[in-house]
Amino acid sequence: MKQINKLEQELGVALFTRTSTGVTLTPAGKGFKGYAEQIVNLVNQALVASHQYSGQRQVIRLGTSLMHPSAPFMATWNQIKAAPLTVTQLSGEPTSSNRECDIMIGTFDQATTRRLVVAVPLGAYRFGIAVTSDHPLAHHSRLALNDLAGQRLLMVPRGISEKNDQLRDAIETAAPDVIIEGTHGRYNLDVFNRTADQNLALLNLTPWQDLHPNLVTVPLDTPLTVNYGVLASRQAPQPVQDFMNRLRQLI
């Protein structure tokens with residue numbers, strides 16, 4: 001927030017419209033964003049080219065965004081430093097064929113790794129329930145599954161995540177009258193804004209617990225967790241595949 005405020009002061013224009021439910025880009029912000037993305041991409045291309053010209057190992061591009069933060073990886077990276085690394089801001093929702101980056105940090109399960117990506121595990125995220133501070137569930141220190149009885153609960157639809165499907169089954173068994181509403185695919189910022197606007201409960205994960213300023217996350221009592229790690233496309237170039245193999249050995 002301080003960086004954005006400083007940037008707006010230097011530019012002399014407002015880049016964001018701030019409301020109680022979140023932020024949106026102003027027309028000036030939308031225009032600036034396009035140029036900023038071009039600058040970041042040029043810098044990344046320059047880094048890759050400079051290493052190639054000098055005969056050094058290929059730079060690995062780590063994609064990051066609010067929904068795919070790189071912070072869980074950096075402590076590990078600082079210990080192993082398996083290759084030159086540059087961090088690039090993802091402009092949209094990452095896909096298995098994303099060309100903006102070589103690797104990213106994200107969740108995965110058997111279905112994901114069978115179909116889309118190769119993964120080097122780093123750890124596991126825990127589930128919580130995100131609600132507004134005046135929501136009845138916000139006053140709990142922890143939540144049992146049956147505490148969700150009668151609540152409108154927002155989560156991804158079936159078929160996207162095996163662990164989410166298992167947890168949905170457990171919740172529906174413990175709280176048969178829970179009202180589960182599905183998102184349109186995987187989470188994005190609109191999901192968190194919808195949760196705050198409609199005063200819903202949202203099934204949340206560790207890295208997103210501070211993502212929205214109007215939501216608090218209460219830990220959920222469940223043994224289920226979601227694995228996260230370094231992800232790369234199964235069709236990644238050979239240098240990236242070599243990096244993933246080296247990373248797996250080092251970790």
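A residue is called buried when its relative accessible area is under 20%, exposed when the area is over 50%, and partly exposed in between, using a 1.4 Å probe and protein chains only. By that scale N199 is partly exposed, with a relative accessible area of 36%. This is a predicted model, in which local features need pLDDT of at least 70 and side-chain atom pairs count only at pLDDT 80 or more, while totals for chains, interfaces and linings use all residues. Residues are numbered from 1 along each chain as its sequence is written, and side-chain values use heavy atoms, with hydrogens and water left out.

**Overall form**

- The protein has seven helices and eleven strands, where helices (H or I, at least four residues) and strands (E, at least two) are DSSP runs numbered from the N terminus.
- For 251 residues a compact globule would have a radius of gyration near 18 Å, and the 20 Å of the protein agrees with this; the radius is taken over C-alpha atoms, and the globule rule is 2.2 Å times the number of residues to the power 0.38.
- Along the principal axes, the C-alpha atoms fill a box of roughly 65 × 50 × 30 Å.
- Of the 251 residues in the protein, 41% are buried.

**Nonpolar cores**

- A nonpolar core is a set of buried Ala, Val, Leu, Ile, Met, Phe, Trp, Tyr and Cys residues joined through side-chain atoms within 4.5 Å.
- The largest such core holds 53 residues, of which I103, I129, L153, Y187, L220 and F243 touch the most other members, and strand β6 (residues 117-132) gives the most to this core, with six residues.
- Apart from it lies another core of seven residues, including M104, V117, A119 and L231.
- Leaving aside residues up to four places away in sequence, I103 is in contact (heavy atoms within 4.5 Å) with residues that include I60, L85, V230 and F243.

**Two loop residues**

- P69 lies in the loop between β3 (60-64) and α3 (71-80), and, not counting residues up to four places away in sequence, P69 touches T64, I105, P207 and W208.
- Although P69 and I105 are 36 residues apart along the chain, their C-alpha atoms are separated by 6.7 Å.
- N199 sits in the loop between α6 (189-198) and β9 (201-205), and N199 has a positive phi of about 55° although it is not a glycine.
- Most residues other than glycine have a negative phi.
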